[in-house]
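Subject: Structure for your review

Dear colleague,

Please find the structure below, handed over for your work. My findings follow directly after it.

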Amino acid sequence: MINSTASTTTINGSMSPSNAQSQGLKTYFKTPEGRYKLKYEKTHPSGLLPYALAKSITQITLANLKDQPAQATLQPSSSYSASNGVRFVTSKFLGSGNGGRVLSFVGGNGTSKTNGGASRNGLTGGLNGFNSAVNSNCDGKGTYLIFNVGDTLYISELNSQDKDPIKSINFSNSNPVCHAFDSEAKDGHDLLIGLNTGDVYTVSLRQQLQDTGKKLVGAQHYNKDGTISNSRCTSLAWIPERDGAFMVAHADGNLYIYDKSKDGAGDSSFPVIKDQTQFSVAHARSSKSNPIARWHICQGSVNGIAFSTDGKYLATVGRDGYLRVFDYSSEQLICGGKSYYGALLCCAWSADGKYILTGGEDDLVQVWSMEDRKVVAWGEGHNSWVSGVAFDSYWSPPTSEDTAENVVYRFGSVGQDTQLLLWDLAMDEIVVPLRRCPPGGSPPGGSPTFSTGSQSAHWDGIVPIGTLQPAPSMRDVPKLSPVVAHRVHSEPLSGLVFTQESVLTACRDGHVKIWARPGHSDGQASNTEALLGTNVVGKEKSSLPSKLGGTTSYK
């Protein structure tokens with residue numbers, strides 16, 4: 001097990017002078033690779049009433065808009081709803097390791113030059129009643145932070161010192177609760193928005209920025225007035241490698257798959273679900289219908305969904321405490337298992353598809369292996385529910401002199417205890433719990449994992465495909481300690497995103513902090529392409545050590 005006790009840091013720092021809510025909070029935290037400093041803060045306009053803040057939990061999405069023709073090569077960006085690239089490293093930091101991958105969320109620009117040619121100068125200052133400094137370097141492109149508070153969706157310039165958003169979109173009697181940005185949008189509709197009423201919209205982000213009003217413009221409306229499901233949207237995602245297809249999760253345990261090229265008002269009827277406890281898939285009877293399919297996952301809410309980078313696998317977490325992993329094309333359950341206690345709230349894939357992170361009401365960060373189809377580590381360090389998890393693809397250890405091709409995973413988690421925790425996972429250092437030697441015989445093959453210690457049947461072989469495992473015993477799973485634990489907000493946290501230059505954290509009432517990585521805190525102008533990891537998945541997959549292979553099928 002990785003022993004990070006010496007690295008777990010009690011942060012020393014000064015009080016932020018710019019934000020009264022930061023009173024008692026530090027403006028930087030230390031890690032083995034250096035100091036992360038608070039660079040910017042983003043928030044909603046002042047004056048929102050407390051009941052408005054309680055209507056929804058803030059989620060964050062990053063979007064990179066580029067001034068280019070629609071058919072040009074699209075650049076990815078980061079958002080809170082898809083996987084991002086993986087950093088493979090050689091290092092002797094914390095010993096050896098293996099594997100590597102990440103889950104931040106990816107977005108991009110799918111708008112045409114016709115829609116995106118307007119200068120940003122005409123869109124800032126005073127837009128929607130907000131005052132924002134004009135960025136003379138932005139001419140129809142930029143990196144934007146999207147976040148929801150109450151009945152409003154806000155858009156801010158990521159690299160601006162202004163706290164206030166430059167655009168607000170109001171939804172009147174309903175609340176936006178989840179959103180995602182598409183890196184491969186072909187028709188300009190790149191932003192996906194889900195509401196507490198079950199309604200879903202696709203829009204062009206650039207078109208929203210050009211408009212001076214506070215309502216959606218040019219939107220495509222799905223599940224209007226709950227015609228398909230009147231249950232709350234809980235999570236949504238664009239489906240990788242499926243042009244224009246997206247999936248929406250609802251609180252009634254159902255997932256719906258839509259095709260944005262079809263009429264959003266297309267009629268779809270599905271058969272009655274006979275057994276609410278069993279997984280089932282139903283397809284629309286007509287080729288003109290939208291949604292095109294319904295997946296019934298579980299009895300109770302589906303709290304989060306995430307696709308593997310290549311779109312082959314879908315992970316879901318739910319109120320019933322189960323992680324479920326499906327083969328998307330074959331619509332079959334591959335594996336899954338139960339939390340130690342309570343509901344699971346969030347999940348994240350690594351870009352190489354080998355591990356999945358989950359977090360929930362048991363205060364643990366669970367690391368699942370697709371190869372073993374079971375939990376291989378538990379992260380202990382949060383004092384309350386874990387509300388967000390993500391892999392950091394841009395991190396590399398402070399030393400990398402070892403010639404062996406070892407890989408260390410860095411991932412992060414945020415929780416209702418207001419803390420950001422950073423973790424390092426080196427699978428070669430995971431200590432498998434000891435098993436009792438078989439009666440009257442020596443350990444098979446002389447395996448060092450056998451001894452007279454307590455038995456750990458959790459590690460007996462690979463779990464068969466399609467099996468949902470019960471919660472393992474606490475003694476059966478290796479424990480990880482955080483490298484860093486830092487209180488970053490005064491309110492419970494709800495979102496976490498990694499970029500090349502920074503780490504973004506969000507609390508549930510609409511305050512976002514941008515923490516500059518070591519070496520990126522001098523306020524230089526950011527390279528937008530580098531910030532959001534241009535082609536990071538493709539580039540880093542090519543450097544994958546041979547022992548890890550390529551994309552793996554787990555059937």
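In this predicted model, Asp362 is in contact with Ser339, Tyr340 and Tyr341, leaving aside residues up to four places away in sequence. Ser339 and Asp362 are 23 residues apart along the chain, and their C-alpha atoms are separated by 7.3 Å. Asp362 itself is located in the loop that runs between E23 and E24. Its relative accessibility is 10%, and because the limit for a buried residue is under 20%, Asp362 counts as buried.

In general, nonpolar side chains tend to be buried together in soluble globular proteins.

I also examined one of the sheets. An open sheet is built from four strands in the order E26-E27-E28-E33, with antiparallel pairing. Strand E26 (386–391) and strand E33 (484–487) are the edge strands; each has a single partner strand, so one side of each lacks a neighbour in the sheet. From one strand to the next, the twist averages 20°. Five bridges join E26 to strand E27 (residues 409–415) in the antiparallel sense, and Val389 has Ser413 of E27 as its bridge partner.

Yours sincerely

Technical notes: Residues are numbered from 1 along each chain as its sequence is written. This is a predicted model: local features need pLDDT of at least 70, side-chain atom pairs count only at pLDDT 80 or more; totals for chains, interfaces and linings use all residues. Side-chain values use heavy atoms; hydrogens and water are left out. Two strands pair if DSSP finds at least two bridges between them. Helices (H or I, at least four residues) and strands (E, at least two) are DSSP runs, numbered from the N terminus. Axes are lines fitted to C-alpha atoms, for helices over the stretch in contact, and angles run from 0 to 180 degrees between N-to-C directions. Buried means under 20% relative accessible area, exposed over 50%, partly exposed in between (1.4 Å probe, protein chains only). Contact means heavy atoms within 4.5 Å.
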